[in-house]
Amino acid sequence: MAEEFSTDGMLDIYLFENEQLLEQLQDRVLEQKDADCFDEDSINEIFRTMHTIKGSSGIMMFDNITAVSHKLEDVFYYLRESHPDNVPHLELVEHVLEVQDFISGEMEKIRNGDSADGDSREIIARLDQFLEKIKNGGEGVEEEAAPANVHEEPKQFYIAPVATSASRFYKVYITFYPETEMANVHAYKAVYALKEIAEDLLYSPEDIISDERSAEVIREEGFKILLQAQCSEEDIRKLVGIGYDIQKVDIFECKAEEFLQGFDFGGQEEHIDLESSVEEIETRSREKEEGAKEAPKEEAKKPEKPKIAPGDFVIKSKEPGKQKKLAKDKPKTEKASFISVNVSKMDQLMELIGELVISESVVLQNPDLKVPGLNLNSFNKAAAQLAKISTDLQNVIMSMRMVPLTNTFQKMNRIVFDVSRKLGKDIEFEMVGEHTEVDKNIIEHISDPLMHLVRNAVDHGIETNEERVDSGKPDKGKVIMSARTEAGKVWISVEDNGKGLDREKILAKARKQGILDENKPDSAYTDKEVYQFITLPGFSTNEQVTEYSGRGVGMDVVVQNIQQIGGTLDIESTPGFGSIMSLKIPLTLAIIDGIVMETGNSSFVLETGVIKEFVRVKEDMMIHEPDGDEYIMIRGECYPVVRLGKWYGMSEYKESIEDGVMLILEVEEKKVCLFVDKLIGEQEIVVKPIPSYIKKVKGLSGCTQLGDGSIALILDAAGLVE
């Protein structure tokens with residue numbers, strides 16, 4: 001078989017599978033970073049992961065990834081076989097994460113269409129030094145050391161079948177899951193893994209790479225391998241085992257004569273005769289052997305398509321009172337549980353659902369339906385059914401887009417580990433509610449803000465080990481990242497048990513930068529107002545800029561990114577005990593429940609969640625300040641008033657406070673009354689971004705299309721409250 005083949009169709013599945021493996025690898029390593037050593041299951045899992053990545057990268061001809069993964073595989077091969085005692089665990093963790101970073105970086109290059117040209121020689125050299133270090137770390141290691149796990153690239157896939165007394169012969173039958181995509185590629189990975197130990201290797205179907213149709217044959221009939229090697233069945237299972245693609249691996253040791261028969265496992269029907277006499281069975285056996293001797297040797301060696309999988313037999317009960325005979329077991333075919341879909345297709349489907357919601361509004365709010373005298377009973381029933389199906393469809397699509405925060409939280413775990421090691425701080429990371437699900441687009445927007453918050457907590461929030469001891473705190477610092485859902489919002493908080501924020505220091509910095517109101521005393525500022533100063537651009541209380549900065553540097557970027565998705569940042573701090581940074585973000589960005597309202601000739605929409613109350617007010621409830629500001633007293637509480645028409649300088653809107661409607665809005669415990677001309681009703685709103693060529697306007701977050709085809713602007717409550 002030719003070794004050169006096209007890898008175009010295999011690249012996507014290579015990147016997808018290895019990305020999953022690397023995420024699992026990082027999760028497992030970080031889970032055990034604080035232990036004394038890796039347990040046996042973790043060592044085996046990391047070894048198998050590196051072996052799989054090495055094999056698939058070798059097929060794809062990414063030599064640098066193959067080399068570095070093979071070297072880390074060597075390390076864990078030695079750990080698995082020799083069980084050395086003096087292994088520096090944290091150093092080993094850093095080596096594994098370094099390899100993971102390198103492979104991830106190379107895969108990112110490949111994904112972007114660039115060459116995977118990273119230099120792995122330094123990493124391999126460090127792994128070599130580490131391997132020698134642990135080999136020489138204990139007594140008797142040299143004598144008891146396992147043989148080196150050396151990988152030599154063979155010039156041919158088939159080695160001359162020269163059997164020795166130590167050679168053993170196996171028939172291997174691999175069953176893949178029915179939903180496995182590109183089963184021929186997975187089969188080739190098994191061949192690539194086994195050729196390292198093979199003296200002779202044959203497989204069927206033979207054209208697994210050149211013929212894509214072989215994938216269907218492999219899924220339906222399985223993949224058959226004939227193997228001659230000096231190894232045990234356990235050695236084969238270590239190289240080719242059950243996984244996310246392989247459902248079952250049957251291995252049968254046979255004699256050399258049976259091996260030479262190729263893939264002929266005994267014809268169309270195999271029985272173990274429990275009914276005939278011994279004399280009859282022996283007679284049939286002699287006749288079969290004589291017939292086999294007369295057959296040409298070439299035909300005996302020619303692989304034939306097996307009718308029955310080797311060893312795939314069970315005892316099947318006959319009618320009562322009769323003996324039992326062997327019959328072929330018919331395995332149950334499982335339906336696919338998961339399917340991989342490109343995210344762009346999901347985005348396109350989500351957009352179509354949005355258009356469907358808009359079209360539904362256009363139909364149900366059509367002016368033709370308002371003609372007097374129409375009997376709309378049947379129409380209303382059909383419309384109600386359509387609305388139900390539309391809502392169910394939205395819920396299903398949204399659930400498909402929802403992904404857990406686990407991977408995002410694990411990335412933060414990695415940041416805590418790396419930064420704390422470089423700063424020499426002993427810090428523990430704890431995750432709470434990491435299985436909380438949010439829209440995939442939301443996760444993409446919050447990854448960077450969370451990274452800033454976590455780095456600031458580790459660098460500036462938590463003291464050094466010496467400072468913690470002097471202040472009577474536990475030696476180990478702690479960062480807790482938690483997530484929960486509440487009223488259609490997701491709360492994600494980053495909490496540390498460090499020194500907290502210094503109110504006086506922040507006020508002094510704010511005064512120096514001219515942020516404070518000269519007519520307002522320091523005591524008039526609440527703690528939350530003071531802590532919000534650190535989110536202003538260029539504001540930092542750090543005396544010295546470090547690699548990871550301090551609270552304030554980058555915090556303005558955090559707030560901007562969160563506000564882009566309709567979120568807010570809440571800061572709490574107790575001096576000497578730590579701080580809590582909480583993000584409040586929507587579950588999704590696509591479709592929201594909103595209240596449609598009018599001011600003048602324009603329509604606006606507000607998210608239902610920020611509206612606390614609708615009230616009708618009288619003119620005598622208003623308070624007019626000399627500077628033009630207006631307030632209103634409602635049930636003994638004073639609220640600032642924002643007239644929407646005046647806010648945007650509209651030419652026509654209702655001046656009298658008694659002719660319109662007042663909406664009480666609440667954002668981050670701040671309240672404001674919004675005055676509009678009239679309310680239209682509640683509606684599901686498909687959020688569309690404001691085009692980039694339109695200048696950003698304070699108080700607006702997007703736009704949408706209403707049922708009558710007109711455009712309504714979506715109000716940003718946070719912008720109105722400020």
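This is a predicted model: local features need pLDDT of at least 70, side-chain atom pairs count only at pLDDT 80 or more; totals for chains, interfaces and linings use all residues.
The protein has 22 helices and 24 strands (DSSP runs numbered from the N terminus, H or I of at least four residues for helices, E of at least two for strands). Of its 722 residues, 43% are buried (buried is under 20% relative accessible area, exposed over 50%, partly exposed in between, with a 1.4 Å probe and protein chains only). Among contacts with a separation of 6 or more, 71% join residues 24 or more positions apart (contact means heavy atoms within 4.5 Å).

Residues are numbered from 1 along each chain as its sequence is written, and side-chain values use heavy atoms, with hydrogens and water left out. Local features need pLDDT of at least 70 and side-chain atom pairs count only at pLDDT 80 or more, while totals for chains, interfaces and linings use all residues.

**Helix packing**

- Two packed helices are described by the angle between their axes and the distance between the axes.
- Helix H3 (residues 63–82) and helix H5 (residues 121–135) have axes that come within 9 Å and cross at roughly 10° (axes are lines fitted to C-alpha atoms, for helices over the stretch in contact, and angles run from 0 to 180 degrees between N-to-C directions).
- That crossing makes H3 roughly parallel to H5 (under 35 degrees is roughly parallel, over 145 roughly antiparallel, 65 to 115 roughly perpendicular, the rest oblique).
- The H3 side of this contact includes Ala67, Val68, Leu72 and Tyr78, and the H5 side includes Ile123, Leu127, Phe130 and Ile134.
- The residues of the H3–H5 contact are twelve nonpolar, no polar and four charged (Ala, Val, Leu, Ile, Met, Phe, Trp, Tyr, Cys and Pro count as nonpolar, Asp, Glu, Lys and Arg as charged, the others, Gly among them, as polar).
- H2 and helix H7 (residues 183–194) pack at about 105°, with axes 10 Å apart.
- H2 and H7 are therefore roughly perpendicular to each other.
- In H2, His51, Thr52, Gly55, Ser56, Gly58 and Ile59 meet Tyr188, Lys189, Tyr192 and Ala193 of H7.
- The H2–H7 contact has four nonpolar, five polar and one charged residues.

**Aromatic pairs**

- The structure holds seven aromatic pairs (rings of Phe, Tyr and Trp, its six-membered ring, with centres within 6.5 Å; planes under 30 degrees apart are stacked, over 60 edge-to-face, the rest tilted).
- Phe38 and Phe76 form a tilted pair, 6.1 Å centre to centre with 50° between the planes.
- This pair links distant parts of the chain, 38 residues apart: Phe38 is in the loop between helix H1 (11–31) and helix H2 (40–60), and Phe76 is in helix H3.
- Phe38 is buried at 6% relative accessibility, and Phe76 is buried at 0%.
- Tyr525 and Phe533 are edge-to-face, because their ring centres are 5.9 Å apart and their planes lie at 65°.
- Tyr525 and Phe533 are both buried.
- Phe604, Trp647 and Tyr648 are linked by ring pairs into a cluster.

**Charges over rings**

- Arg80 has its charged end over the ring of Phe47, 4.1 Å from the ring centre (NZ of Lys or CZ of Arg within 6 Å of the centre and within 35 degrees of the ring normal).
- Arg643 has its charged end over the ring of Phe675, 5.5 Å from the centre.

**Asp629**

- Asp629 lies in the loop between strand S17 (622–624) and strand S18 (630–634).
- Asp629 is partly exposed, with 37% relative accessible area.
- Beyond its neighbours within four places in sequence, Asp629 is in contact with Ile623 and His624.
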